[in-house]
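Me: Hey, I'm new to this one. Can you walk me through it?

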Amino acid sequence: MTRYQEILRKYWGYDDFRGIQRDVIESIAAGRDTLCLMPTGGGKSITFQVPALAMPGICLVITPLISLMKDQVEALKRRGIKAAYITGYMSHDEVLSILDNGIFGAYKFLYVSPERLGSKLFLNKLSRMKVSFVTVDEAHCICQWGYDFRPSYLEISRIREFFPDRPILALTATATPKVVRDIQQKLLFSEENVLQMSFARSNLAYIVRREDEVLQGIIRALQEFPGCCIVYTRSRRKCKELAEQLNASGYSATFYHAGLNAVQKNERQERWRRDEFRIMVATNAFGMGIDKPDVRLVLHADVPDSIEAYFQEAGRAGRDGQKAHAILLTLGNERQRASRRLSQQFPELDYVRGAYELLCCFLGIAEGEGMNVMREFNLERFCTVFGYYPTTLVSALDLLDKAGYIEYRDEEEASSRLRIDVSRGELFAALFPSEERIVLSVLRHYGGIFVDYVYIDEGLLSSETGVSVDDVYQTFIRLSKLHLISFIPRKHLPCVTFRTRRVDKERVNLPRQVYEERRRHYEERMGAMLAYAEEDCDCCRSRMLLRYFGEEADHDCGICDVCIRRGEGVPQPASEKEALRNHILGQLREGPRNAYEIDLGGFSPALLEEVIDGMRACGEISFDGPWLVIARPS
């Protein structure tokens with residue numbers, strides 16, 4: 001452990017580990033398969049980066065987000081650590097070069113997406129590398145019943161064929177007990193080994209507020225709680241509108257969503273990090289890997305689909321250990337809105353079949369053809385041409401993805417390409433002094449650039465030169481206009497890859513586990529989220545969240561809205577919900593009951609659904625197949 005502490009001090013500047021970092025490092029160093037559950041901001045990357053530097057060989061890191069792997073590789077390089085990543089938008093020669101360098105020990109870390117494991121070339125090259133261990137980030141994605149299932153994660157266990165004696169470290173910030181068991185089974189753990197840091201955040205006050213108007217609710221919270229803020233909302237349109245409204249109200253705000261190009265994303269995130277903007281209004285595309293510990297307030301303008309998603313996003317507040325607030329704003333019509341989202345998330349089979357047929361026509365795939373063909377996909381143009389609503393269409397594409405017909409990816413970015421068209425002397429004669437270090441950085445990193453286009457990374461050039469990403473971009477635009485270079489900027493590039501030959505739409509079917517079971521689990525997660533979002537909830541918010549993840553708190557948090565309300569001596573009369581709760585428990589003490597067989601006793605059916613959701617979220621009752629049972633003593 002002394003060696004690990006030396007590495008920690010040398011590269012990260014910390015004197016000692018915190019939380020369960022030391023335990024995880026010792027476990028993986030002992031060669032044990034390990035599942036690490038650590039909340040957002042707990043320092044998961046340290047648990048694999050430190051032991052990997054102490055061990056011979058390369059650490060293979062599997063992560064689903066290209067933006068996250070780029071950020072981590074650049075951060076490692078800034079610390080003088082050799083690392084590389086591979087994405088689907090690199091040229092064949094670039095991929096070969098990185099893999100061959102990996103075989104010869106040029107890197108300590110190689111980041112790839114789980115889809116890469118389906119490549120025979122990659123697996124062949126990987127088998128010749130000296131791998132120390134494998135890290136699986138966002139490991140909950142492997143679980144069919146998790147909130148962010150990725151079919152490609154099921155391929156990860158194939159690595160065992162090549163490295164049977166190398167341990168796997170699985171990392172996640174959000175997992176229920178069921179998901180924890182499933183992760184270990186799917187990754188073929190030799191034995192159960194879970195190291196879990198408490199999800200409790202003693203400095204983070206969870207609050208639910210009923211508002212008549214979202215903007216006014218946000219402004220009230222901003223006036224009440226000073227400091228840096230993130231506002232999460234569901235749609236890109238609302239994201240932009242809220243940012244504009246906040247700026248018009250005298251607050252400094254910017255916005256972030258997946259539809260922005262990479263230069264815009266990097267520039268806005270960096271300016272927010274530097275406190276040039278107080279508020280970042282964002283969709284769930286924002287937040288993975290951000291390193292800003294002093295966020296004082298996280299606001300949700302819409303209720304998320306699951307407690308997992310809410311907990312991860314809310315957890316970005318107060319990572320410095322200082323007091324912070326996570327406020328969920330509700331309008332009182334969440335159950336109706338959730339019902340509409342359910343129909344959007346799981347459209348009918350006929351809708352999915354129709355979308356598949358039009359997709360094939362739109363992308364020029366004839367019946368009986370198309371296997372392994374990849375096409376760029378203009379979602380907006382498709383919706384305009386065929387009259388589709390984007391949210392429901394994306395859900396249909398996701399179902400087709402899960403069922404194995406296509407692979408749809410919307411978060412990836414095609415890298416910029418650059419070629420120098422004049423001699424070195426002519427180029428440097430035309431440069432402004434501020435541009436010289438940018439061009440020198442390009443020449444250091446990219447060979448063959450005078451002969452053909454090469455893929456470049458503006459973020460890497462920015463971090464090395466200290467010039468903003470936007471200034472790097474503008475430099476290349478200027479030189480391109482002077483015909484000194486040829487520059488093709490990166491673009492957001494949604495893609496569809498056909499995994500099978502095109503079939504007649506009537507032959508398109510969705511397996512039970514893809515549709516019915518996923519829909520049921522979605523409803524359960526949404527039900528738990530709605531129960532949490534009830535303004536008149538009488539359960540400590542923190543205790544409720546912890547219970548959902550299988551952790552029992554010793555005491556109430558004392559700082560959430562429920563605890564404060566109780567502490568102020570506001571009387572808590574027996575409500576209709578409490579009466580129905582006792583009515584349900586009385587029946588279940590006599591034995592399991594189907595939810596539809598519960599005697600209403602004069603209560604409203606809508607109230608029954610709401611109370612059952614709340615009791616399940618609090619861990620009082622659970623489902624055993626179709627039966628409701630008491631999960632713990634009342």
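Me: How much of the chain is buried?
Reply: Buried residues are 55% of the 634 in the chain, where buried means under 20% relative accessible area with a 1.4 Å probe, protein chains only. Keep in mind that this is a predicted model, where local features need pLDDT of at least 70, side-chain atom pairs count only at pLDDT 80 or more, and totals for chains, interfaces and linings use all residues. Residues are numbered from 1 along each chain as its sequence is written, and side-chain values use heavy atoms, leaving out hydrogens and water.

Me: And how many helices and strands are there?
Reply: The chain has 25 helices and 24 strands, counted as DSSP runs (H or I, at least four residues, for helices; E, at least two, for strands) and numbered from the N terminus.

Me: What box do the C-alpha atoms fill?
Reply: Roughly 85 × 60 × 60 Å, along the principal axes.

Me: Switching topic, at what angle do α2 and α3 pack?
Reply: About 45°, with the axes of α2 (residues 21–29) and α3 (residues 44–54) 9 Å apart. Axes here are lines fitted to C-alpha atoms over the stretch in contact, and angles run from 0 to 180 degrees between N-to-C directions.

Me: Which residues meet there?
Reply: From α2, Q21, V24, I25 and I28; from α3, I46, T47, V50 and P51. Contact means heavy atoms within 4.5 Å.

Me: What about contacts across the whole chain, how many link residues 24 or more positions apart?
Reply: Such pairs account for 76% of the chain's contacts with a separation of 6 or more.

Key: Buried < 20%, exposed > 50% of the residue type's maximum accessible area, 1.4 Å probe, protein only.
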